[in-house]
Amino acid sequence: MKSLFDPTTYQETKTRIQALQPDSTARWGKMNVGQMVTHCQFPFKVALSDKPRKAKWNPIMRLFKKSLYNDKPWRKNLPTAPEAKITDSRDLDLEREKLLSMVDAFYNKREQQEWQPHPMFGHFTNEQWGQLEYKHLDYHLGQFGV
């Protein structure tokens, strides 16, 4: 499984983000490209926060935890957490810069071994965080053909 902590994968992912254009259209789903780039910031906000988060215990979600960081592709049109749904208009260039900054900040934590638990899925190892963040970005970048 690829990881955003791998230097080559990190650079390839940043290049893919840069390749998005204002007229990029989704192959599936309801978001436009600006909304998608804004949506992709949400998991980084969770990972990069040092503040303890209140757990939203959901035993059903925990059953799917391994699918977050394995090689099996996610199916199209997965449901989105309500707090990560973006429905208003967003400026692609502005949101892209925010996302790239978060990708950089996340990559710079590649040696970090202690992470706050994810509010819905609990504890992830460093390796699992890198895989999870890559898989989410890969899913959405593929959604827009990059």
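This is a predicted model: local features need pLDDT of at least 70, side-chain atom pairs count only at pLDDT 80 or more; totals for chains, interfaces and linings use all residues.
The largest nonpolar core contains 35 residues. Among its members, Met 36, Phe 44, Leu 99, Val 103, Phe 106, Trp 129 and Leu 137 touch the most other members. Two or more residues are given to this core by each of the helices α1 (7-19), α2 (33-39), α3 (41-48), α5 (92-107) and α6 (126-143). The largest share, seven residues, comes from α5. In soluble globular proteins, nonpolar side chains tend to be buried together.

With neighbours within four places in sequence left aside, Phe 106 is in contact with Leu 4, Phe 5, Phe 44, Ala 47, Leu 48, Trp 115, Trp 129, Gly 130 and Glu 133. Two of these partners, Phe 44 and Trp 129, are also listed with Phe 106 among the core residues that touch the most other members.

Eight salt bridges are present in the structure. One of them joins the side chains of Asp 138 and Arg 16, with an N to O distance of 2.8 Å. Side chains of opposite charge can pair when their charged atoms come close.

A second salt bridge is formed by the side chains of Asp 93 and Arg 96, at 3.0 Å from N to O. Because Asp 93 and Arg 96 are three residues apart in helix α5, about one helical turn separates them. The two partners fall into separate accessibility classes: Asp 93, at 47% relative accessibility, counts as partly exposed, whereas Arg 96, at 6%, counts as buried.

Asp 88 and Arg 90 also meet through their side chains in a salt bridge, with an N to O distance of 3.1 Å. Asp 88 counts as partly exposed at 38% relative accessibility, and Arg 90 counts as partly exposed at 30%. These two residues belong to a network of salt bridges that also includes Glu 95 and Lys 98.

Helix α6 also holds Tyr 139 and Gln 143. Tyr 139 counts as buried, with a relative accessibility of 11%. Apart from residues up to four places away in sequence, Tyr 139 touches Trp 28, Trp 74, Arg 75, Lys 76, Asn 77 and Leu 78. The C-alpha atoms of Tyr 139 and Lys 76 are separated by 8.6 Å, although the two residues are 63 residues apart along the chain. The side chain of Tyr 139 is joined to that of Trp 28 by a polar contact of 3.2 Å.

Gln 143 is buried, with a relative accessible area of 2%. When neighbours within four places in sequence are left aside, the contacts of Gln 143 are Thr 25, Ala 26, Arg 27, Trp 28, Gly 29, Met 31 and Met 36. Met 36 is also one of the core residues that touch the most other members.

Asn 77, one of the residues touched by Tyr 139, is found in the loop between α4 (59-63) and α5. The phi angle of Asn 77 is near 65°, a positive value in a residue other than glycine. With a relative accessibility of 48%, Asn 77 counts as partly exposed.

Lys 2 is located in the segment before α1 and counts as partly exposed at 38% relative accessibility. Excluding residues up to four places away in sequence, Lys 2 touches Thr 9, Glu 12, Asp 71, Gly 130, Gln 131 and Tyr 134. A polar contact of 3.5 Å is made between the side chains of Lys 2 and Glu 12. Gly 130, touched by Lys 2, is also in contact with Phe 106. The C-alpha atoms of Lys 2 and Leu 94 are 27 Å apart in space, and the two residues are 92 residues apart in sequence.

Methods:
Residues are numbered from 1 along each chain as its sequence is written. Side-chain values use heavy atoms; hydrogens and water are left out. A nonpolar core is a set of buried Ala, Val, Leu, Ile, Met, Phe, Trp, Tyr and Cys residues joined through side-chain atoms within 4.5 Å. Buried means under 20% relative accessible area, exposed over 50%, partly exposed in between (1.4 Å probe, protein chains only). Helices (H or I, at least four residues) and strands (E, at least two) are DSSP runs, numbered from the N terminus. Contact means heavy atoms within 4.5 Å. A salt bridge is a side-chain nitrogen of Lys or Arg within 4 Å of a carboxyl oxygen of Asp or Glu. A polar contact is a pair of N or O atoms within 3.5 Å; within protein, one must be able to donate a hydrogen and the other to accept it, and residues adjacent in sequence count only if both atoms are side-chain atoms.
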